[in-house]
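User: Hi! I am new to reading protein models and would like to go through this one with you.

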Amino acid sequence: MASLAAPTNAAASAAFKADKKAEKERQKAEKAKRFAEKQAARQQATVIAISKATKIGNQADELPKYVEQTPAGEKKVLGPLDSPYHSAYIPGVVESAWDAWWNKMGFFEPEFTEDGENLAPGTFVITIPPPNVTGALHVGHALGTALQDLLIRWHRMRGFTTLYLPGCDHASISTQSVVEKMLWAREKKTRHDLGRQKFLERALEWKDEYHSKINKVLHRLGGSFDWTREAFTMDPQMSEAVLEAFVRLHDEGLIYRSNRLVNWCVKLNTTVSNLETETIDLPGRTLLTVPGYSRKVDFGVLTYFKYPIANSTSTITVGTTRLETMLGDTAIAITPAHDANDFAVGTRHNLPFINILNDDGTMNANAGSKFEGQKRYDVRYAVQEELSKLGLLVKKEPNPMSIRLCLKSKDVIEPVMKPQWWMRMQGLAGEAMEAVRDGRIRIRPETARRGGEGEAREKAEKMFPGKEVELERDSDVLDTWFSAGLWPFATLGWPKKTHDMRNLFPTGVLESGWDILFFWIARMIMLSLKLTGDIPFREVYCHSLIRDAQGRKMSKSLGNVLDPVAIMEGITLEALQEGLKVGNLDATELETASKNQKISFPSGIPECGADALRFSLISYTTGGGDVNFDVKVMAGYRRFCNKIYQATKYVLGKLPPGYVPPSQAAKFGRESLAERWVLHRLNVAARAIHEALEKREFSRSAQAVYRYWYDDVCDVFIENSKAILQDGSDESKASIADTLYTAVEGGLTLIHPFMPFLSEELWQRLPRRNGDKTLSIVKARYPEYKAEWEDEEAVEKYEIVISCAKGLRSLMAEHGIKRDGEGFIACQDAKELELLQAEIGQVRSLVGKAIASLTVVGG
């Protein structure tokens, strides 16, 4: 029989002193990189588990596809834990049926008192940043849903009146773009071929199709949305709010009509805001692909030509990077209708403004009969040829320059004079900034219908007395960000004085990305302060940008855009490749995307489930830089789900027949050292999660619940319980059963906001406490810190037990002992000897079966 000895806590510390010193030095030397290393360590820990997680997945793949037997909307019928589909964690099995039941039961609707007031803790409301009805959701949307729903469920379980309001944005320009692409690809038609009304009908058909797809993903992710309050930016309520806002702001002179230089996108045939363009810098001559042109177009070239002076033989040489616009010059080299700087000069000197472009990018009659009807960049070369014939072309040379592209179409933006609706922002912006400065809004990581035809006619008749008035709605509109800017309050009923508007506004948190802070978030603050007199939300949390495993921005053309459903349910490489073909990618983009998918997902994506996806995204959210998302890392969190599943299954198997837990989770004075320790650890975890979520430290909250389940419950306490359950007295067995129940019940409620499906599935299998009528873990109370469970004495003593067990396991591993080991623990003093003699069974349980005998001796 092999023999080995393990020192007690003091001796163990000495034995590993060198290692600890080295570790301390390493941490000190790399302190500046601590964040990156922590994240890498977490990822490595999960990657280690991939093979085991894959094994679990392969076992599930061998079974016929699971068919849920529970009727839709009914409470789930739980299968026996010894059945093939329930013996181990299978995401598709665990996550079925619950969402439909939750919604049917109305668990996600805000709860008020009998007299319609908010519950005592207060309100917590999130209106979803409405996804665009232009296509399927991606993993970035899943990140937002995971974080938002985590906060919503956490507040709901703490007794707040909560509302998570869903909805979609019509995203006019984006929708127009994708529907036009679809029309051309399928029917070789443009929106002009269809006409305005028919095109609108097609766009609404597209909206209905993708709206259902979007909602399916949100349901599948477990978002606890109140679907009875779902909104859409073009539904009657939102349209009324837009009209009300427009009339009010127009009456005050904040919205006005003016003929100004705008960003015109020829491809989309619309104006776009500065925020919807991107500037690219060119080092010199560059050939760029421009929509509508078969050949690439020259940019970054300065063309010099001579201007003849009237009534003289003299000339003046000028240079331009946009030769075609010289046809609109109203002074030498000044084109005020097509250049921002020239516009300012023309305004100061009262120069004529000559627009030479049609909306489709062809030259109009102002450009002259020789060029009328030709496309703008074809005219660039035609003008050059004509100047050369006239002997006026001087030279061409490379010229570093910047050009602006439309973010949607990638067409080159054309500055054009057009009458547009504008809004004065100066006063509104100042008040919005003050709301942030004075703390009313914290940015982290840091009435009856008005307007209508009757009122409009009355106003027009007053303005033009004695004139016959004919009303016509202007087909020109403000951009979609105007209606989106009303979202936080229009979705609650504004301008009507609804119950929701009175009780649930302002909302709690607006969680979104940094990239739309000025696109959308600033607009909401300004419009809310102006129209409601209050802030729209109390806090803004901006999450990181999701990138792929190689750190690249996610793009359909790269093939790295991840469908959350594909991650949750798994998908083959072949299916991924087929999915590329149904999009709007051109042949070159399709080839690139297909190649990248084969490299990134050679075996497809394994089924990971919604809970593992949510937990991994929350764990990634450190409040730091962008996130490099790797589906391989997430496979380890599926194994974590199985760890929780098996731990709960073990506890259920150890509870006595007919077991009824005590009415409250409490300490009764009979608990063993291990029980006192685990209740303390549960208490510490609850406090850590509350503190982390209050500070919006999402990753830290996930780490706290992970450590509790993985390190405290699974690796230590469950192993320790085996000795008591096997050799303990009846009283100690009863006590350990109560504590096992409390440890698992507490752990499931702790993790519910992170993993709603798994926690509900297992919580429903637990017997209810005496007198507990709670129907769902959704409505269960979230664990709170209890001062009476603080037990540093138990921690100090039990850490000695754990240290001895770790020392013995380390020695076994070092010497290759796998069975029949003989262990000895040498104590430093009588106090340790007394402790370890009393807890020798606990040490043996933690060490495992490789030790045949264990002896504790004095120092």
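Predicted model: local features only at pLDDT ≥ 70, side-chain atom pairs only at ≥ 80, totals over all residues.

User: Is Asp208 buried, partly exposed or exposed?
Analyst: Residues are numbered from 1 along each chain as its sequence is written, and side-chain values use heavy atoms, with hydrogens and water left out. Buried means under 20% relative accessible area, exposed over 50%, and partly exposed in between (1.4 Å probe, protein chains only). Asp208 has a relative accessibility of 46%, so the label is partly exposed.

User: Which residue does Asp208 meet in a salt bridge?
Analyst: A salt bridge is a side-chain nitrogen of Lys or Arg within 4 Å of a carboxyl oxygen of Asp or Glu. Here the N to O distance is 3.5 Å, and the partner of Asp208 is Lys207.

User: Where does Lys104 lie, given its salt bridge with Glu74?
Analyst: The side chains of Lys104 and Glu74 meet at 2.6 Å, N to O. Glu74 sits in the loop between helix H4 (50-61) and helix H5 (91-94), so the pair ties together parts 30 residues apart in sequence, and Lys104 itself lies in helix H6 (residues 98-104). Helices (H or I, at least four residues) and strands (E, at least two) are DSSP runs, numbered from the N terminus.

User: How many residues of helix H28 are buried?
Analyst: Helix H28 spans residues 756-763 and is mostly covered. Among its buried residues are Phe757 and Trp763. The count of buried residues in H28 is eight of eight.
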